Amino acid sequence: MKKPRVLITAGASGIGRVMGEAFFAAGWRVWVTDIDPSALANCPVDWRADQVDVSDEVAMDDLYVRVRRDWGGLEAVCANAGIAGETALAEAQEIIAFRRCIDINLVGAMLAVRGALPMMKAAQDGCILFTGSTSGLFGTPYRAPYVMSKWAINGLMKTVAMEAGPFGIRANVIAPACVEGPRIDGVIAREAAAKGTTPEAIRKAYLEGTSLRRFARPEDVAAMALFLASDSGSRISGQVFVIDGNTENPDPKVSVFDPTA
């Protein structure tokens, strides 16, 4: 039996890299994209790895030409690429940076779906996984473009699940909160600066806002992705799976920042 095939955007580092490792260990063929050539160069030799900007329509179309030519199809696609966006009040958001966040997080996900669906419909089977966020469930001050993109991801997933379901295709969102690693460290540092407090105070508040009092790990997200893409998840579609240790307080008030100043 042929090995199943998965494409993971932003798969050369972070959550995407750990997803790739989990799928590969489970016997899948792995194809990743990323914009970081050094990270791509460090991917396992058994993976396919392409430098692609997910917000570039032409580049994504070309990617799927190669996927069809070399693999003939996909059993799963993980629309994982995303950036944090600026940390600023809504009225202080720079529109160029705002659009860049939306382009990568939302347009990139749409392009990943658009390229995969024709192959999956032809096969009458497939799994589409979006990397969302608990910011797609709660408002998050200072993160307007990121929050907008993640709320929209949920709507995109629901629509794809309805449109593609009759073809045997499943669509779901995996929505972590804070995930340990360099990315959340940067988010915390920028939020602390915006709120006039310390990174330690921000981290403590977020930890205390969850029942488990700890952040998720990339491995937790990867395990959920692998489960949903496997036969065990073959009847699951249209859902948002939250990996957050149970958020009790989505908007911790940890700041000495004076909003009237």
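**A pocket, some rings and a core**

Mentor: The lining of the second largest pocket divides into 4 nonpolar, 3 polar and 8 charged residues, and please keep in mind throughout that this is a predicted model.

Trainee: OK, and how much space lies in that second largest pocket?

Mentor: The second largest pocket holds about 230 Å³ of space.

Trainee: Which residues lie nearest the centre of the second largest pocket?

Mentor: Those nearest its centre are Pro4, Glu75, Asp125, Ala229 and Asp231, and they belong to a lining of 15 residues.

Trainee: Switching to rings, how many aromatic pairs are there?

Mentor: The count comes to 3 aromatic pairs. In one of them, the rings of Phe23 and Trp28 have centres 4.9 Å apart and planes at 80 degrees, and since an angle over 60 counts as edge-to-face, the pair gets that label.

Trainee: Why do you give me both a distance and an angle?

Mentor: Because a pair of aromatic rings is described by the distance of the centres together with the angle of the planes.

Trainee: Are Phe23 and Trp28 buried or exposed?

Mentor: Phe23 has a relative accessibility of 0%, so it counts as buried, and Trp28, with 8%, counts as buried too; the cut-off for that word is under 20%.

Trainee: What about charges, which ring does Arg29 sit over?

Mentor: The charged end of Arg29 is placed over the ring of Trp71, at 5.4 Å from the ring's centre. There is also Arg48, which lies over the face of Trp31 with 3.9 Å to the ring centre.

Trainee: Now the inside, how many residues does the largest nonpolar core have?

Mentor: The largest nonpolar core has 35 residues, and those with the most contacts inside it are Met60, Tyr64, Leu74, Val77, Ile128 and Phe130. At least two residues of this core come from each of helix 3 (57–70), strand 4 (76–79), helix 4 (95–123), strand 5 (126–131), helix 5 (144–164) and strand 6 (169–176).

Trainee: And which element gives the largest share of this core?

Mentor: That is helix 4, which supplies 9 residues, the largest share. Helix 4 is also the place of Arg99, but Arg99 itself is exposed, because its relative accessible area is 55% and exposed means over 50%.

Trainee: How far is Arg99 from Lys150, in sequence and in space?

Mentor: Arg99 and Lys150 are 51 residues apart in sequence, and their C-alpha atoms are 14 Å apart in space.

Trainee: Backbone next: what is the phi of Tyr142?

Mentor: Tyr142 has a positive phi of about 75 degrees although it is not a glycine, and it is found in the loop between strand 5 and helix 5. Its relative accessible area is 12%, so Tyr142 is buried. Asn246 has a positive phi as well, about 70 degrees, and it is not a glycine either.

Trainee: Where is the place of Asn246?

Mentor: Asn246 lies in the segment after strand 7 (239–243), and a relative accessible area of 46% makes it partly exposed.

Trainee: Last one, where is the place of Glu200?

Mentor: Glu200 is in helix 7 (residues 199–208), and it is exposed, with a relative accessible area of 58%. Glu200 and Ala189 are 11 residues apart in sequence, with 8.8 Å in space from C-alpha to C-alpha.

Methods. Residues are numbered from 1 along each chain as its sequence is written. This is a predicted model: local features need pLDDT of at least 70, side-chain atom pairs count only at pLDDT 80 or more; totals for chains, interfaces and linings use all residues. Side-chain values use heavy atoms; hydrogens and water are left out. On a 1 Å grid over the protein atoms alone, a cavity is a set of points where a 1.4 Å probe fits but cannot get out, and a pocket is an open set with protein on both sides within 12 Å along at least five of seven lines; lining residues have an atom within 4 Å of a point. Grid points are joined across faces, edges and corners, and a volume is the space filled by probe spheres set on the points. Ala, Val, Leu, Ile, Met, Phe, Trp, Tyr, Cys and Pro count as nonpolar, Asp, Glu, Lys and Arg as charged, and the others, Gly among them, as polar. Rings of Phe, Tyr and Trp (its six-membered ring) pair if their centres lie within 6.5 Å; planes under 30 degrees apart count as stacked, over 60 as edge-to-face and the rest as tilted. Buried means under 20% relative accessible area, exposed over 50%, partly exposed in between (1.4 Å probe, protein chains only). A charge sits over a ring if NZ of Lys or CZ of Arg is within 6 Å of the ring centre and within 35 degrees of the ring normal. A nonpolar core is a set of buried Ala, Val, Leu, Ile, Met, Phe, Trp, Tyr and Cys residues joined through side-chain atoms within 4.5 Å. Helices (H or I, at least four residues) and strands (E, at least two) are DSSP runs, numbered from the N terminus.
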